[in-house]
Amino acid sequence: GANSNQGVYGTIGGGYNNIVGNTYSTICGGYINRASGLNSFVGGGSGNQTTNVGAFIGGGFNNRASGFYTVTVGGLSGITTGSYSTLVGGLSNTLSGGKSCIVGGEGNYAGGELSFIGGGQSNLTNGDGTTIMGGLCNVVATYTSNSPSTIAGGFGNRVISNFGFVG
């Protein structure tokens, strides 16, 4: 169907079957995109949805941005629920920690505050300030706040302690 602008001062630039559902929200184009968060933005793509204040999706397919002021640049089936987080792209990456970042890759999960995953596949950070630079099936899980640990890369590495490092 046609585009639907239901937001006060909302904007839809083009595309098909897009819905702006909140004040000051914008969809530039694409297909079946939803901008339902206040001041949210979807640049294009298909099936993308913003649901919180200031959420941004540049494009891609089937991405969800539901944290406050989250940014998803593109990719496929990315999810950002942590506030002030950035997902650059990739496939099926999830950011639930606030102020965290995943640069790309596939099936990565950043769950702690201030976490970072540089890419790779099936990597998991689940502690505050944790980092995985890349690789496959690596896990950093610290259980106290402000106790960063890092895996530089590789396969199947585990750091389950505070201030741990695998090079």
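Me: How many helices and how many strands does the protein have?

Reply: This is a predicted model. The protein has 22 strands and zero helices. Its radius of gyration is 17 Å, close to the 15 Å that the globule rule gives for 167 residues, so the protein is as compact as a globular protein of that length. Along the principal axes, the C-alpha atoms fill a box of roughly 50 × 25 × 15 Å.

Me: Among contacts between residues at least 6 apart in sequence, what percentage join residues at least 24 apart?

Reply: The share of such contacts is 0% in the protein.

Me: Which residues make up the largest nonpolar core?

Reply: In soluble globular proteins, nonpolar side chains tend to be buried together. Here the largest nonpolar core has nine residues: Leu87, Leu95, Ile102, Ala110, Ile117, Ile132, Val140, Ile151 and Val159. A second, separate core has five residues, among them Ile12, Val20, Ile27 and Ala35.

Me: With which residues is Leu87 in contact, leaving aside its neighbours within four places in sequence?

Reply: The contacts of Leu87 include Leu95 and Ile102, both of which belong to the largest nonpolar core. Val71, Val73, Ile79 and Asn93 are also among the residues that Leu87 contacts.

Me: How many disulfides does the structure hold?

Reply: A disulfide is a covalent bond between the sulfur atoms of two cysteines. The structure holds zero disulfides.

Me: Is Cys101 buried or exposed?

Reply: Buried means under 20% relative accessible area. Cys101 has 19%, and therefore counts as buried. Cys137, at 29% relative accessibility, is partly exposed.

Me: What percentage of the 167 residues is buried?

Reply: Buried residues account for 42%. The protein exposes about 7000 Å², of which carbon and sulfur atoms supply 58%.

How values were computed
Residues numbered from 1 in each chain as written. Predicted model: local features only at pLDDT ≥ 70, side-chain atom pairs only at ≥ 80, totals over all residues. Heavy atoms only, no water. Core = buried A, V, L, I, M, F, W, Y, C linked by side-chain atoms within 4.5 Å. Buried < 20%, exposed > 50% of the residue type's maximum accessible area, 1.4 Å probe, protein only. Contact = heavy atoms within 4.5 Å. Disulfide = S-S within 2.5 Å. Helix = DSSP H or I, 4+ residues; strand = E, 2+ residues; numbered from the N terminus. Rg over C-alpha atoms; globule rule 2.2 N^0.38 Å. Areas by Shrake-Rupley, 256 points an atom, 1.4 Å probe, with all protein chains shown as cover.
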